Amino acid sequence: MRPLRVRFFVNFVHPQGTYFRFHNLALALAGLGQQVEIYGLDHDTQSRRRQETRDGIVYHLVPSARGLSFISPLAHPANALRMRRQAGASPCDVAHLFQPFPAACWAWRGCTAAAKFYDWDDLWVGGLMAGRTASFRSWVERMLTGHLETKLPAMADHVTTCGHFLAHLAQTRGARHTSVLFNGLWPAPPTDQAAARRALGLVADARYVGFMGRTCDELGWIFEAMAAAAARWPGLRLALCGPPAGCLDGLDPALRGRIDFLGQLTPAQTREFACALDLGLLPLADTPFNQSRFPIKYAEYMAAGSPVLCSAIGECGRLSAEFAWVVSAGQTKAGWLRAFATAAATLAAGPLPVVDRRSVETVFSWEKIGAQLLEIYRESVARQSAAMI
């Protein structure tokens, strides 16, 4: 069976701690022998149009346009035009759009492909984009994003999501076919905990709970839980990476002294970070955004052998009952604080349940998720081809 020619259309190309979902899917497909290229927008206006190879994947990059500062890069019409020109007119088997922004959407729409896919992994309007807009720039971006978020499910031949919440929402918005593809992990032997702590400069003999990620809406829950635990468990420390340093502003000095803030880490360092923990933290308020998302750190913690304290919200809540090493923290802040105190007491007395990494990899391996996606691609291409006969 010949390899499929697959094009990804993406609105962000900068690497971050655990990298974006599309990069991992591209790696998995390439590992299965498929021809994958990524067309993406570089938000750096000082960069140039170029081709890069990242982890063996070819990226075709266009710089964000200058001018029209009242329009964001994601909504800038010049960026949509540049993306479309960069993609050219040559046909492919599958064109896969990631996230509902105008910059990459027009190129995706103009691409000649046997099957067109749309990946929806976060609820933006009504989720991340909620509340009053701060400026005309953000209003324009929200208006256009909301329009696409409503219309794209029906435009695509197939919609992929990271959980059942968005799959159901896509169906109500006209999606003909949907598939749930979790955010996953790359199986690898974990770093020894002591070695990971040395590499990151953490305290060797402390009991560490930790949080990694850029979304910090519920960080206050962790700070409150740590403050309450201070007197009873003095050896308990918190490690943080990913959120902005300003999230620590205003903390009590005594609490701040028990927090190791590591800033932004590379993908390799985030794996060491997860290995250094005794317990990974994932607090989630019951909001439409959290119902829609599947935080990649959920699997990353477990891949490193770290048990997880997780709110029973969204796809994570649905899955957590399957894993003995995931401590359910309920659906409220009060439930989170109670679960944290119980977990801290257990840590003080000894380790939490051991993570069965083989079971975790069975569910979350990017290689297996990629194989699932490839099967869906082939079925969709065959279905579209048959419909044209």
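Q: How many bridges join S1 to strand S2?
A: Two strands pair if DSSP finds at least two bridges between them; helices (H or I, at least four residues) and strands (E, at least two) are DSSP runs, numbered from the N terminus. In this predicted model, local features need pLDDT of at least 70, side-chain atom pairs count only at pLDDT 80 or more, and totals for chains, interfaces and linings use all residues. Residues are numbered from 1 along each chain as its sequence is written, and side-chain values use heavy atoms, with hydrogens and water left out. Here, 6 bridges connect S1 to S2 (residues 35–42), and the two run parallel. Arginine 5 has glutamine 35 of S2 as its bridge partner.

Q: Which residue in S5 stands opposite valine 6?
A: Valine 6 faces valine 94 in S5. S1 pairs with S5 (residues 92–98) in the parallel sense, over 4 bridges.

Q: Is S1 mostly covered or uncovered?
A: Buried means under 20% relative accessible area, exposed over 50%, and partly exposed in between (1.4 Å probe, protein chains only). Of the 6 residues in S1 (residues 5–10), 5 are buried, and the strand is mostly covered.

Q: Which residues touch the most other members of the largest nonpolar core?
A: In soluble globular proteins, nonpolar side chains tend to be buried together. A nonpolar core is a set of buried Ala, Val, Leu, Ile, Met, Phe, Trp, Tyr and Cys residues joined through side-chain atoms within 4.5 Å. Among the 102 residues of the largest one, Phe8, Tyr298, Met302, Phe340 and Phe364 touch the most other members. Another core, of 26 residues, lies apart from it and includes Cys105 and Trp108.
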